[in-house]
Amino acid sequence: MNLQPKVDVALIGGGIMSATLATLLAELQPDWTIEVYERLGELAQESSNPWNNAGTGHAALCELNYMPQAPDGSVTAEKAVAINEQFQISRQLWAHLVQTGVLPEPEKFINSTPHMTFVHGAANVDYLRKRFDVLADQPLFAGMEYSEDPAVIGSWTPLITKKRAPKQKIAATRIASGTDVDFGAVTRYLFDSLTERGVKVHLNQQVTSLKQEDDGTWKLKLLSLVGRYTNTVEARFVFVGAGGGALALLQKSGIPEIEGFGGFPISGQFLRTTNPAIVAQHQAKVYGKAAVGAPPMSVPHLDTRVVDGESSLLFGPFAGFSPKFLKRSTWFDLPFSVRPHNLVPMLAVAKNNVSLMKYLVGEVFASRKAKLEALREFMPTAQAKDWELITAGQRVQVMKKDPKAGGVLQFGTEVITSADGSIAGLLGASPGASTAAPIMVDLLKRCFPGEYSRWEPRLREMIPSLGTKLSDDPAAAAASLADTAATLHLTA
């Protein structure tokens with residue numbers, strides 16, 4: 001066993017979260033030593049991989065789950081606006097990194113792709129109209145269009161209306177400023193720049209244990225998966241950005257803040273076509289309404305994807321259940337995550353989410369024919385020969401204690417930090433990668449309170465709207481959208 005010199009920051013996981021945090025720290029504290037430990041032989045191969053997610057720049061422009069209809073029929077915009085505010089922070093950071101040469105020409109990782117919402121049926125049309133009316137005056141949603149006219153909707157994206165039943169009541173919204181993002185590319189470009197600045201990235205390195213020493217530093221035991229030898233590294237601060245693997249590592253750390261937390265894994269598949277004739281007819285990300293009992297990440301959508309410069313269409317996701325917490329991990333992840341402190345919350349979640357379990361089981365056993373029928377709800381002309389089924393990444397939803405229900409299943413992300421701020425980890429999923437920048441800025445504030453006031457002026461140079469709400473200032477919102485659009489070569 002080799003004991004390596006102490007480092008200031010150890011990052012576990014080579015995805016978008018670790019890349020973003022390392023980039024911020026390298027800008028704010030260039031004298032700190034930063035090392036990254038990735039279990040796989042390549043970076044960004046789990047949730048950040050472009051084929052393991054939908055690539056939506058989640059800004060709540062088209063995702064109905066951020067604006068659910070209340071029992072009284074009302075619709076409010078608070079959560080959607082908050083999600084959009086977070087995405088603007090990511091946009092501003094990416095624009096800054098393009099301007100400073102950290103990220104390359106933006107077409108290599110982000111592209112303008114209109115975001116649309118499409119529904120059918122009288123009740124859903126009524127809901128979408130209400131949603132549009134609520135968003136129409138929101139500065140960050142400026143330019144959104146609404147129509148119930150098949151001809152107009154067909155002009156936006158022909159595949160949605162072609163050969164659709166003429167009497168079916170439909171409606172759609174469209175906003176041209178949406179984006180498609182290759183988070184895998186963002187991750188790799190950030191790490192390329194970081195290695196040039198002295199950050200060390202270690203591949204095929206699995207963290208097998210974490211222990212806090214008496215002086216507050218953390219000792220990480222590492223197993224090299226090539227050669228099967230072990231190393232130990234000591235770090236002043238540790239970030240666990242290992243996606244579905246974060247829960248197990250935080251449990252191994254022994255911090256009390258992880259008590260009561262569990263993970264609920266959900267797998268997914270997409271139908272994909274690369275047929276140029278079909279791809280050319282659909283330039284948008286079109287989101288629909290989730291089925292009753294479906295988790296939010298299972299909202300059906302037909303998406304333009306641009307990966308390595310090549311365009312394709314994805315439809316899905318088709319959710320399913322697997323006990324794995326990562327796409328490349330073990331079937332024992334879920335049972336091995338059970339602890340005395342999280343058993344009650346996990347059992348409560350199981351009891352209170354029977355409909356979700358039934359839905360996931362149904363999805364697991366759904367035939368290819370059933371999946372194609374779901375596609376035809378969006379694209380009536382879809383032919384089986386044009387579409388292949390691909391497996392997306394694993395998502396691990398947060399389960400945690402709840403004083404009333406015993407335990408709740410939380411759809412979203414949650415940062416866990418120790419009381420002394422020496423270790424932090426990210427649990428959960430969507431909107432995830434799209435909001436990596438605000439999540440990591442918040443982590444800096446929580447874990448480095450002594451340094452944050454000194455860092456804040458520099459952060460504001462990189463992220464001009466930090467600490468403010470663009471939605472409260474239409475002029476500032478318009479200026480920010482225009483500025484980042486110009487730098488990132490996006491539709492304003």
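**A walk through the predicted model**

Strand 18 (residues 395–402) pairs with strand 19 (residues 406–410) in the antiparallel sense, over 5 bridges. Two strands count as paired if DSSP finds at least two bridges between them. Helices (H or I, at least four residues) and strands (E, at least two) are DSSP runs, numbered from the N terminus. A hairpin through 3 residues joins strand 18 to strand 19. Asp-402 has Gly-406 in strand 19 as its bridge partner.

This is a predicted model, in which local features need pLDDT of at least 70 and side-chain atom pairs count only at pLDDT 80 or more, while totals for chains, interfaces and linings use all residues. Residues are numbered from 1 along each chain as its sequence is written, and side-chain values use heavy atoms, with hydrogens and water left out.

The interior comes next. In soluble globular proteins, nonpolar side chains tend to be buried together. A nonpolar core is a set of buried Ala, Val, Leu, Ile, Met, Phe, Trp, Tyr and Cys residues joined through side-chain atoms within 4.5 Å. Buried means under 20% relative accessible area, exposed means over 50%, and partly exposed lies in between (1.4 Å probe, protein chains only). The largest nonpolar core here has 82 residues, and Trp-94 and Phe-239 have the most contacts inside it. Helix 2 (residues 78–99) supplies the largest share of this core, 10 residues. Apart from it lies another core, of 38 residues, including Leu-210, Leu-220, Ala-319 and Leu-427.

What does Phe-239 touch? Leaving aside residues up to four places away in sequence, its contacts include Ala-10, Leu-11, Ile-12, Met-17, Ser-18 and Leu-21. Also among them are Ala-424, Gly-425, Leu-426, Met-440 and Leu-443. Contact here means heavy atoms within 4.5 Å.

Aromatic rings form a further set of features. Rings of Phe, Tyr and Trp (its six-membered ring) pair if their centres lie within 6.5 Å; planes under 30 degrees apart count as stacked, over 60 as edge-to-face and the rest as tilted. The structure holds 12 aromatic pairs. Why is the pair of Phe-87 and Trp-94 edge-to-face? The ring centres of Phe-87 and Trp-94 are 6.0 Å apart and their planes stand at 80°, so the pair is edge-to-face. Phe-87 is buried, with a relative accessible area of 2%, and Trp-94 is buried at 4%. Elsewhere, ring pairs link Trp-32, Phe-237, Phe-448 and Trp-455 into a cluster.

Charged groups also meet rings. A charge sits over a ring if NZ of Lys or CZ of Arg is within 6 Å of the ring centre and within 35 degrees of the ring normal. The charged end of Lys-289 sits over the ring of Tyr-127, 4.6 Å from its centre. The charged end of Lys-371 sits over the ring of Phe-318, 5.5 Å from its centre.

Strand 16 (residues 310–320) holds Pro-317. The peptide bond from Gly-316 to Pro-317 is cis, with omega near -5°. Ser-312 is found in strand 16 as well, and Ser-312 is buried, with a relative accessible area of 2%. Not counting residues up to four places away in sequence, Ser-312 touches Trp-51, Arg-272, Thr-273, Thr-274, Val-279, Asp-303, Thr-304 and Arg-305.

Ala-60 has a phi near 65°, a positive value in a residue other than glycine. Ala-60 lies in the loop between strand 3 (34–37) and helix 2. Is Ala-60 buried or exposed? Ala-60 is buried, with a relative accessible area of 0%. His-489 is not a glycine either, yet has a positive phi of about 60°. His-489 lies in the segment after helix 15 (474–488) and is partly exposed, with a relative accessible area of 46%.

Met-379 lies in the loop between helix 12 (368–378) and strand 17 (388–391). At 2% relative accessibility, Met-379 counts as buried. Not counting residues up to four places away in sequence, Met-379 touches Leu-159, Arg-164, Ile-278, Leu-302 and Trp-387.

Cysteines close the tour. A disulfide is a pair of cysteine sulfur atoms within 2.5 Å, and by this rule the count comes to 0 disulfides. Cys-62 counts as buried at 0% relative accessibility, and Cys-447 is buried, with a relative accessible area of 7%.
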